[in-house]
Amino acid sequence: MNSFNNTIEFIKHIYGNQEFIPLSVPVFVGNEKKYLNECIDTTFVSSVGKFVDRFEEDMARYTGAKKAVVCVSGTNALHMSLMLVGVERNDEVLTQALTFIATCNALSYIGAQPVFIDVDRSTMGLSPDALKEWLVKNAEIKDSECFNKNTGRRIKACVPMHTFGHPVRIDEIAAICDEYHIELIEDAAESIGSLYKGKHTGTFGKVGAISFNGNKTITTGGGGMMLFNDEELAKYAKHITTQAKVPHRWEFRHDHIGYNYRMPNINAALGCAQLENLDRYIESKRKVAAEYIDFFKKIDDVDFFIEPENCFSNYWLNAVILKDKESQQEFLQQTNDNGVMTRPIWELMNRLPMFENCENDGLKNTIWFADRVVNIPSSVRI
């Protein structure tokens with residue numbers, strides 16, 4: 001059996017030798033209480049208030065998107081994104097099996113079917129090489145739409161996920177999607193502040209979806225956001241996520257099937273305060289990652305996953321790669337038994353009963369990661 005005592009001691013040391021080291025916790029060191037008190041004092045705690053507009057404007061400015069639209073969760077953001085690009089029941093969506101369940105739940109709400117494509121060893125996210133190889137073998141273009149030759153279903157969208165905040169080779173994926181008339185949605189739930197070739201994740205596709213869950217780099221408690229380069233599409237997204245109500249001072253008229261996906265002002269207030277410190281938080285996370293990099297260089301049979309080429313990663317969740325499944329399980333057992341919270345990668349989507357019959361390309365790298373990856377404590381240190 002391997003002994004990971006040195007690793008446990010090091011992690012406890014960099015986080016102040018606490019009795020228990022959580023995986024990732026939020027930090028509130030800015031204007032959170034001030035803005036929340038303003039919501040309470042003015043009574044604007046629900047879906048109307050200045051912080052909702054401000055948060056959208058601030059996020060659009062920060063990411064370089066033309067518009068941003070807030071909603072209740074990252075899952076909502078993905079659900080809406082898929083609907084907005086025209087995904088319909090029985091369509092197929094190309095995505096990765098190495099992802100959080102929200103990615104597949106969102107397309108399932110519509111009745112679409114996932115097709116799982118392998119990931120890159122360098123990014124842990126959807127591989128453009130694997131994507132192109134699968135499309136060459138299985139796709140055909142008819143009347144400017146892409147279809148699966150085997151199932152006859154329309155392939156409407158592609159959803160790569162920037163795993164643990166590390167950007168995929170998104171420009172290559174975007175070019176392939178354009179070639180095959182497939183809409184690109186970025187699952188940027190984990191990658192706020194991450195850049196690919198100097199451009200913010202979530203701004204390469206038609207829509208980008210971000211999460212502000214409690215364990216994310218910045219949080220609104222719960223919440224999500226969509227990023228747009230198309231201002232008209234953003235305007236429509238805002239409309240249908242707020243019950244599709246036609247503006248009027250007193251009448252209640254609605255012109256589409258709408259959704260109550262509105263982020264409350266009180267959550268947006270938290271987001272505005274958090275965003276003010278985002279660069280500071282990412283700087284802290286990158287310092288933690290740098291310390292891990294130096295430490296694990298000296299540890300046999302454990303590799304620390306570093307940001308890919310051409311990327312600036314937020315290092316949302318740090319990851320180590322063990323030599324095999326047995327070592328992975330030993331690492332998980334010893335760390336958690338000794339007050340250091342660690343976890344394996346999510347159960348692969350194709351191994352869940354809801355998606356076990358979905359088409360995939362063999363998922364060689366995906367399975368390799370699932371047998372070896374462990375997330376280690378990644379909280380901001382202030």
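Predicted model: local features only at pLDDT ≥ 70, side-chain atom pairs only at ≥ 80, totals over all residues.
Helix 10 comprises 19 residues, spanning positions 278–296. From the first C-alpha to the last, helix 10 reaches 27 Å, close to the 27 Å expected at 1.5 Å a residue. The buried residues of helix 10 are Leu 278, Tyr 281, Ile 282, Ser 284, Lys 285, Val 288, Ala 289, Tyr 292, Phe 295 and Phe 296. These residues lie on the same side of helix 10, because the arc that they cover around the axis is only 160°. In general, an α-helix has 3.6 residues a turn, so residues three or four places apart point the same way.

Ser 327 is located in helix 11, which is formed by residues 325–337. The relative accessibility of Ser 327 is 4%, and this residue therefore counts as buried. When residues up to four places away in sequence are left aside, Ser 327 touches Asn 2, Phe 4 and Leu 322.

With a disulfide taken as a pair of cysteine sulfur atoms within 2.5 Å, the count of disulfides comes to 0. For Cys 104, the closest cysteine sulfur belongs to Cys 358 and is 7.3 Å away, which is too far for a bond. Cys 104 is buried, its relative accessible area being 0%. Cys 158 is likewise in no disulfide, and the nearest cysteine sulfur, in Cys 177, is at 4.1 Å. Because its relative accessibility is 0%, Cys 158 also counts as buried.

Definitions and conventions
Residues numbered from 1 in each chain as written. Heavy atoms only, no water. Helix = DSSP H or I, 4+ residues; strand = E, 2+ residues; numbered from the N terminus. Expected span 1.5 Å × (residues − 1). Buried < 20%, exposed > 50% of the residue type's maximum accessible area, 1.4 Å probe, protein only. Arc of directions from axis to C-beta. Contact = heavy atoms within 4.5 Å.
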